[in-house]
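I opened a new notebook page today. I want to look up a few things, one at a time, and write each down plainly.

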Amino acid sequence: MSATAWAWLVLAFPLAGTIVISLGWRALPGRAGGWLGSAMILGSFVCSILAALKMQDLAPHARHASSTLFDYAHSAGLNIGMSIYVDPLSLFMALVVSGVSFLIHVYSISYMTSDRGFNRYFAYLNYFVFTMLLLVLAGNIIILIVGWAGVGTASYLLISFWYRRTTATAAGIKAFVMNVIGDVALVIAAFLLWKNAGHHVSFTGIFAGSKTHFSHDQGTLIAACLLLTVGAFAKSAQLPLHTWLPDAMEGPTPVSALIHAATMVTAGVYLIARFHPLYEQAPTAANITAGIAAATLFFAATCALAVTDLKRIIAYSTMSQIGYMMVGVSTGGYDGGLFHLMTHAFFKALLFMGAGSVIGAMAGIQDIDRMGGFRKSMRFTYITFLIGALALASMVPFSGWFSKDEILGFDVHRGGYYLVLAIVGFAAALMTAFYSFRMVFRVFHGDAVPEAQSLERGELYHAEHVNPMTGEHEDTDVGFPGAEHHIAEREWPMKFPMAILAVLAVIGGIVGIPGVTHWLRNFLDPAFADSRFINTQPTDSASWIGLIIGAGIALAGITIAYVCYLRQPGTTARLIQRLPFLYRLFVNRWYFDELYDAVFVRPTATFGNFGRYVVESAFVQGTLVGGATRVVGTGTSIARALESGYLRAYAVLMLLGFGGLGLYFLIQAAF
């Protein structure tokens with residue numbers, strides 16, 4: 001079989017899982033829906049491996065192919081095929097998406113086992129993976145947009161999965177609206193490129209047409225690239241379209257892992273990497289993209305320093321790490337950006353799984369101020385979470401150390417404006433190391449909370465089911481979380497994926513050790529062979545100097561966290577007292593939500609109320625419709641009064657009529 005044939009099967013497996021679970025959910029007993037959904041994603045992962053192996057058999061310049069299944073649309077000179085494009089970039093994404101998604105599926109089997117919407121959950125999960133794979137394997141920009149919109153829909157379904165929880169439905173709507181903004185920008189960008197780059201919709205056609213029809217840094221091309229950036233930023237939660245991501249934590253914790261590690265937020269990074277020939281032809285757009293991404297990674301790191309919700313700390317961490325990837329792929333460091341996408345998928349999925357385990361032990365509580373002392377009672381979760389935190393902090397020799405510093409090393413090598421981006425990245429890296437171990441020390445060290453003490457006695461803490469954000473009491477029927485609280489310590493379907501991810505988080509960097517291994521770069525290079533940065537790499541010695549600096553920064557951040565939370569507890573409280581403005585700024589997420597509420601939400605609501613109460617109720621219903629009704633009603637009343645049935649009254653009216661006509665003709669005759 002060819003690489004494209006295997007790639008079609010990559011799509012077929014999760015699609016089949018979605019259809020079978022959706023239609024046959026009543027007939028699937030127990031956990032069968034979960035195992036079936038997981039098997040479909042495993043099939044997709046195996047096919048991705050086989051497609052990659054088949055592609056590797058070809059010469060580097062021949063490692064790309066497209067295949068069309070049928071005509072998707074054929075109208076007005078626009079021919080769109082249901083096609084896929086297979087090259088090292090799309091296969092790399094398919095491997096990461098399907099591989100990590102499979103592990104998250106297996107973890108979910110235990111985590112969601114008591115939920116009344118179990119089969120519905122796995123139907124959504126398979127659909128999410130299918131749309132993401134369609135996005136990365138799309139052969140033209142129209143099919144990419146179809147997958148792009150499908151990912152947004154799937155995220156809405158999963159974020160608001162517990163649809164009887166009001167905060168979850170609000171978060172789902174917020175994510176959907178933000179993503180639609182990006183979808184609209186992406187559609188306009190596609191139209192601009194189709195209209196101005198030779199009426200092509202395939203990627204290869206667009207890239208070839210852009211060289212012919214656009215000059216270097218031409219205005220239309222810059223506009224198209226910036227619209228692509230808006231689409232990417234909405235999907236990847238970058239400034240200023242980021243506010244949906246922390247609220248998306250309302251979904252089940254495995255959904256958070258899926259969104260943050262293997263699907264949705266990585267879509268924007270892929271989009272910019274896929275359209276890299278356009279960004280290289282429009283460096284102004286690329287520099288703007290990189291600048292905003294650098295601002296995002298710094299902003300998100302500051303928020304993660306202050307918020308106390310465990311899942312939201314990890315969510316802000318995702319925004320920050322995606323910022324690094326965006327900086328990488330928009331400045332020409334494609335290998336580094338995609339390398340970090342892969343290692344981040346490993347350790348971020350691991351951190352969310354560990355957080356889910358702790359939240360299960362806490363009976364749904366997510367506030368780290370309520371946690372502590374789980375180190376002894378949750379040994380497995382502690383060790384794996386610690387590995388994830390070390391990789392996130394870029395500590396030597398964990399995977400994040402190699403990948404993050406490759407991005408920063410590349411920007412240092414380019415110098416000038418890019419050196420500023422690297423300095424911002426190093427500053428955020430210090431904060432990353434600090435808040436990573438803030439989580440470790442606050443959750444697992446210190447005095448054991450009652451929930452941890454219960455676990456040490458071999459008991460699982462139970463409490464009333466409440467909304468962790470509002471404290472509202474909930475039941476455990478469909479639409480709310482299930483009755484049981486699952487922790488990794490007791491269930492192997494949760495432990496198995498965490499163990500695999502922990503190993504990958506440790507050794508994942510082996511694919512790109514400067515001067516030793518260049519496996520990932522060698523694999524990806526054919527996809528970026530046309531890049532003018534293909535040979536722009538720092539020397540191995542310069543890379544190692546960057547790695548040593550990065551390790552020093554990580555060690556400093558961890559040490560500061562150790563002093564603040566273990567050596568001298570109360571240090572952060574004193575800092576908050578001395579710097580209340582900064583604390584309020586960070587804990588309130590730089591007031592972005594309040595700003596959007598004042599600028600967009602309230603004026604829109606006021607305008608809507610004006611339309612509803614003044615225009616519709618008072619003017620349309622009251623004056624136009626109501627006024628006409630009153631005129632007709634008055635006329636009807638008069639006519640009804642005149643129709644008295646008395647002959648004399650009709651005779652009087654007839655005389656008045658004749659008299660009036662006579663008077664009219666006399667006046668006409670006089671003039």
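**Entry 1: the whole chain**

I began with contacts, meaning heavy atoms within 4.5 Å. Among contacts in the protein chain between residues at least 6 apart in sequence, I found that 79% join residues at least 24 apart. I noted that this is a predicted model, where local features need pLDDT of at least 70, side-chain atom pairs count only at pLDDT 80 or more, and totals for chains, interfaces and linings use all residues. Residues are numbered from 1 along each chain as its sequence is written, and side-chain values use heavy atoms, with hydrogens and water left out.

Next I looked up the secondary structure. The protein chain has 26 helices and two strands. These are DSSP runs numbered from the N terminus (helices: H or I, at least four residues; strands: E, at least two). The C-alpha trace spans about 115 × 65 × 60 Å along its principal axes.

How much of the chain is buried? Of the 671 residues, 55% are buried. Buried means under 20% relative accessible area, exposed means over 50%, and partly exposed is in between (1.4 Å probe, protein chains only).

**Entry 2: two helices**

I then picked helix 8 (residues 219–236) and helix 13 (residues 283–306). Their axes come within 8 Å and cross at roughly 25 degrees. Axes here are lines fitted to C-alpha atoms, for helices over the stretch in contact, and angles run from 0 to 180 degrees between N-to-C directions. Helix 8 and helix 13 are therefore roughly parallel to each other. The cut-off for that is an angle under 35 degrees.

Which residues make the contact? Helix 8 brings Ile222, Cys225, Leu226, Thr229 and Phe233. Helix 13 brings Thr284, Ala285, Ile288, Thr289, Ile292 and Ala293.

**Entry 3: salt bridges**

I counted a salt bridge when a side-chain nitrogen of Lys or Arg is within 4 Å of a carboxyl oxygen of Asp or Glu. By this rule there are 16 salt bridges.

I looked up Arg116 and Asp477, whose closest N and O atoms are 2.7 Å apart. Arg116 lies in the loop between helix 3 (88–111) and helix 4 (118–137), and Asp477 in the loop between helix 19 (450–456) and helix 20 (492–507), so the pair ties together parts that are 361 residues apart in sequence. Arg116 is exposed, at 56% relative accessible area. Asp477 is partly exposed, at 33%.

Asp475 bridges to Arg164, with 2.9 Å between the closest N and O atoms. Asp475 sits in the loop between helix 19 and helix 20, and Arg164 in the loop between helix 5 (141–159) and helix 6 (166–196), 311 residues apart. Asp475 is partly exposed, with a relative accessible area of 35%. Arg164 is partly exposed, also with 35%.

Asp593 is in helix 25 (residues 592–642) and Lys174 in helix 6, 419 residues apart.

**Entry 4: one tyrosine**

I finished with Tyr156, which lies in helix 5. Tyr156 is partly exposed, at 30% relative accessibility. Leaving aside neighbours within four places in sequence, Tyr156 is in contact with Gly172, Ile173 and Phe176.

Methods:
Parallel < 35°, antiparallel > 145°, perpendicular 65-115°, else oblique.
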